[in-house]
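Subject: Structure for you to look through

Dear colleague,

Here is the structure that I promised to hand over. Please open it beside this email and follow along as you read.

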Amino acid sequence: MTTSTYLARKDVLLILLFAALIMALLPLALDPFRLNLVGKYLTYGFVAIGLVICWGDAGILSLGQGIFFGLGGYCMAMFLKLEASSVGATKIQSTPGIPDFMDWNQITALPWFWRPFHSLTFALVAVPMVPALLAFVIGVAMFKRRVGGTYFAIITQAIAAILTILIIGQQGYTGGVNGITDLRTMKGWDIRSDHAKLVLYFANAILLVASLLIAQFVRRSKLGRILVAMREREDRVRFSGYDVAAFKIFAFCFAAALAGIGGAMFTLQVGFMSPSFVGIVPSIEMVIFCAVGGRTSLLGAVYGALAVNWAKTTFSEDLPQLWLFAMGTLFIAVVVVFPNGLAGLYRDHIAPRLGRFLRPQLRLAPTGDGRKQGATR
Amino acid sequence: MTAETNFLLAVEGLSVSFDGFKAVDDLSFYVDQNEIRVIIGPNGAGKTTVLDLICGRTRASAGSVTFRGHELTRLPEHEIVRAGVGRKFQTPSIYEDLSVFENLEISFPRGRSVFGALAFRRDYLVRERVQDVAGMVFLDGMLGERAENLSHGQKQWLEIGMLLVQNPLLLMLDEPVAGMSVSERKKTAELLHRIIRDRAVLVIEHDMGFVADIAHRVTVLHQGKVISEGSLAHVKADPKVVEVYLGH
Amino acid sequence: MLMGYSLADLGAIFAMQGFAGLVLFSVFVLMALGLAVIFGQMGVINMAHGEFMILGAYVTFLISKLFAAFLPGAFAIYFFLAIVLAFIVAGALGMAIEWLLIRHLYRRPLDTLLATWGLSLILQQVYRSIFGAREVGVELPNWMMGSLHMTESIEIPINGLIVMAITTLITAAVYYLIFRAPWGRQVRAVMQNRAMAGAVGIDAGRVDRLTFALGCGIAGVAGSAFTMIGSTSPTAGQLYIVDTFLVVVFGGAQSLIGTIASAFTISQARSTMEFFLSGSMAQVVVLLLVVGILMLRPQGLFVLKLRR
């Protein structure tokens, strides 16, 4: 099929363009401080990619992506915190060798679930796996019983609320409302230096582009078509011999694992993790990044994460009282006026004009092509 | 009661109630290999519910459904499909956004697990099967067309084609000719007779002309019970059937 | 004895704790009722429900200030006027929102959720701009601050009794409207088959608008009642929205009895747990139980087996 190879090539081209933007253009154009900010925004790109698969394609709206972002971030933070809490560094504590906030809360031994995080390998495996496992448990419980749509959204939101309350309430084990702070080194490498930040920025960018390519592969496989088919005609897919629940669980776990990676990269670049990235509000903001960019476009969603976060920083610096108005209006506008987000605007208004401009080179492509892509995506 | 294994499908003592209302009540019937069986009955007789019970969409409160000697009532839907039962819905249920080819391809019985679907490749076996089936359901020239652009009758055929790609041993069709023109109905009847080799078809239909064209045997349902069964001529002459259709 | 309390002490504690649970229960029912009308009858998820509640609370706050400033003689009864106004103001806003926003989204429930979340952000900022970010408390007339002495150690606060009375009244009214009056039949008819309801002469748009307004109005009353037991801040609504949704979902969205029973279960469980655990852990345990039960029984506690 010439059509699909052409499309694949175009999509990959756009991804490469994005890679050039974040790996060449932005690092050259921005000062280290701003670049670090962009790095932080890009960590939400992982969440957005997951949401495109899970929400845009499969139609499962999770209002709990903050849970997974947070879990990934906490897994990373726990490792870094343990490294920062060596016996030597904490000898003034009444129990040396445990994180400072535990000592403040009269805890005298490292809790069992903290112990494995002495190992970097364990932490790196846990970053995607812990979120995916929780998503798996939730997914099995919900999807096997055919719970979906708004119910699922509410339940995930409730779980986000529970986790936040739990983290804040159990401050001896979690660092409470302040989170896990004062992270310094990874295997002796100081993550706070400008040089380290630059390295981490590029690591993050490479991981993000890799995630984009993997997600692109998933969407172009038969699995991707089944997810979309399931969203439209769940019963038809089921009665074509597919275990619909298994596909939903996969989509949800995939999104959770990506969000976890995003969270870990966030912790590394920002230097702490706290419950304020876990709860209901951040979770729903993640959905809006994705919606603004375009819930059915991988790149759109990532650009959305960049744009909304950049706007948030700008607004909250200059006009904090306007931020909620702007955000609220954005929510409503994205739903009512442009449900396909920035990607939809690009597709409907910019791409056709670009196409007309580039027509001579593109004559070879079948004519039905643009329309087909528009409708299936 | 044990099902005799020479039946393709044996439904015995099947019951289900909604909210105290017995939609299907102690129902039994048997379908042979190579048989076209039509279920008729007035509205609300429980015809669609019977199909739902067989394919697992609704869970029976009592009774058994035995298919080639295997009990179906406890299996999840996709396992029932994989056992060889295909189901077409009353209103055409196809993927409007996908092409006819892709619609048929999704039903191809390979790569049905999550990771199988990830690894699925469109090889010549798939193309060949899709081509064959498209020919059978009168859609060979339209493989590249978006399913949305098909006529109503063609959509019905496409859904039947999606079942055929699965290669089921039992096809269950809920009003397959609803909304079709007379000539389309004729073609559909021919299609059913052609595909009946190596399988059985269970059809719900109201259109008596079409029933006469296809039915080997007819089962008449009323208030969730079988009130008559046999050839079309036999059930038409049955006073109980006449009473149900003309009485009250 | 248990943790060193005497039997009489324990009895009194349980009685008072039980009453506190009953008051919490009443507020839950009030909050959930509006949502049960909107979500249960219309299938619309209104994430701004908490903000409609807060609107009722701010209306009550304003009325109390107005009475204190201009009609101090009638201050004792301002509350009743405040409740009525809270209903009207929240209901009117609800009607406007339905007309402007919700009615375009009936076929996209998940998008409704996002849009109403946006609305809730805007409303929060409006409250913050007008009333400031700090919590405000409503001054109650003296007679409502007192309590009834049942025994030497058991006291029943009057404001709690009033909350319960309002709840009973509103519940009865909703029950009548939705399940006894012809209007409720119209609401259900529109929900189940819009085209058909239109064909038999029901103005579906009007029914939707009024149903939504009713739900929002009840939220306003809930907010008004809430001022008697807690203070109000621009973001207070968000704190309750998850609880409220869980109450409604847990009870089975279409069932009024279910909503009441689940509000009872959740509030009693929480106030009992709070005695043994810290407040936040009690909340976690109760929420976890609710979510766990919902995973096992997603249709809620009180839903009949439906024909699909």
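This is a predicted model: local features need pLDDT of at least 70, side-chain atom pairs count only at pLDDT 80 or more; totals for chains, interfaces and linings use all residues.

Confidence

For the complex, the predictor gives an ipTM of 0.89 and a pTM of 0.88. Within chain C, confidence is highest in helix 3 (residues 78-100), at a mean of 93, and lowest in strand 1 (residues 147-149), at 72; helices (H or I, at least four residues) and strands (E, at least two) are DSSP runs, numbered from the N terminus.

Chain C as a whole

Chain C has 12 helices and two strands, and from the N terminus on its elements run α-α-α-α-α-β-β-α-α-α-α-α-α-α. Its radius of gyration is 20 Å, close to the 19 Å that the globule rule gives for 308 residues, so chain C is as compact as a globular protein of that length; the radius is taken over C-alpha atoms, and the rule is 2.2 Å times the number of residues to the power 0.38. Along the principal axes, the C-alpha atoms of chain C fill a box of roughly 65 × 55 × 35 Å. Of the 308 residues of chain C, 48% count as buried, a residue being buried if 20 or more other C-beta atoms lie within 10 Å of its own, exposed if 12 or fewer, and partly exposed in between, with C-beta atoms placed from the backbone. Among contacts in chain C between residues at least 6 apart in sequence, 78% join residues at least 24 apart.

The sheets of chain B

In chain B, an open sheet of six strands has the order 6-7-8-3-9-10, with mixed pairing; two strands pair if DSSP finds at least two bridges between them. Strand 6 (85-88) and strand 10 (225-230) of chain B stand at the edges with a single partner strand each, so one side of each is left without a neighbour in the sheet.

Strand 3 (residues 36-40) of chain B has five of its five residues buried, so it is largely enclosed by the rest of the structure. On one side of this strand lie B:I36, B:V38 and B:I40, and on the other B:R37 and B:I39, and all of them are buried. Strand 3 of chain B runs parallel to strand 8 (residues 200-204), to which four bridges join it, and B:V38 has B:V203 as its bridge partner there. Four bridges also join strand 3 of chain B to strand 9 (residues 217-222), again in parallel, and in strand 9 B:V218 stands opposite B:V38.

A further open sheet in chain B has four strands in the order 2-1-4-5, with antiparallel pairing. Strand 1 (residues 9-18) and strand 2 of chain B are joined by seven bridges, and B:S17 stands opposite B:K22 in strand 2.

Where the chains meet

Between chain A and chain C, 36 residues of chain A are in contact with 33 residues of chain C. Helix 6 of chain A gives the most to the side of chain A that touches chain C, with 15 residues. The residues of that side divide into 28 nonpolar, seven polar and one charged, where Ala, Val, Leu, Ile, Met, Phe, Trp, Tyr, Cys and Pro count as nonpolar, Asp, Glu, Lys and Arg as charged, and the others, Gly among them, as polar.

The contact between chain B and chain A takes 23 residues from each of the two chains. On the side of chain B that touches chain A, helix 2 of chain B gives the most, with four residues, and the residues of this side divide into 12 nonpolar, five polar and six charged.

With best wishes

Technical notes
Residues are numbered from 1 along each chain as its sequence is written. Chains are lettered from A and ligands numbered from 1 in the order in which they are written. Two residues are in contact if their C-beta atoms, placed from the backbone, lie within 7 Å. pLDDT is the predictor's confidence in each residue, from 0 to 100.
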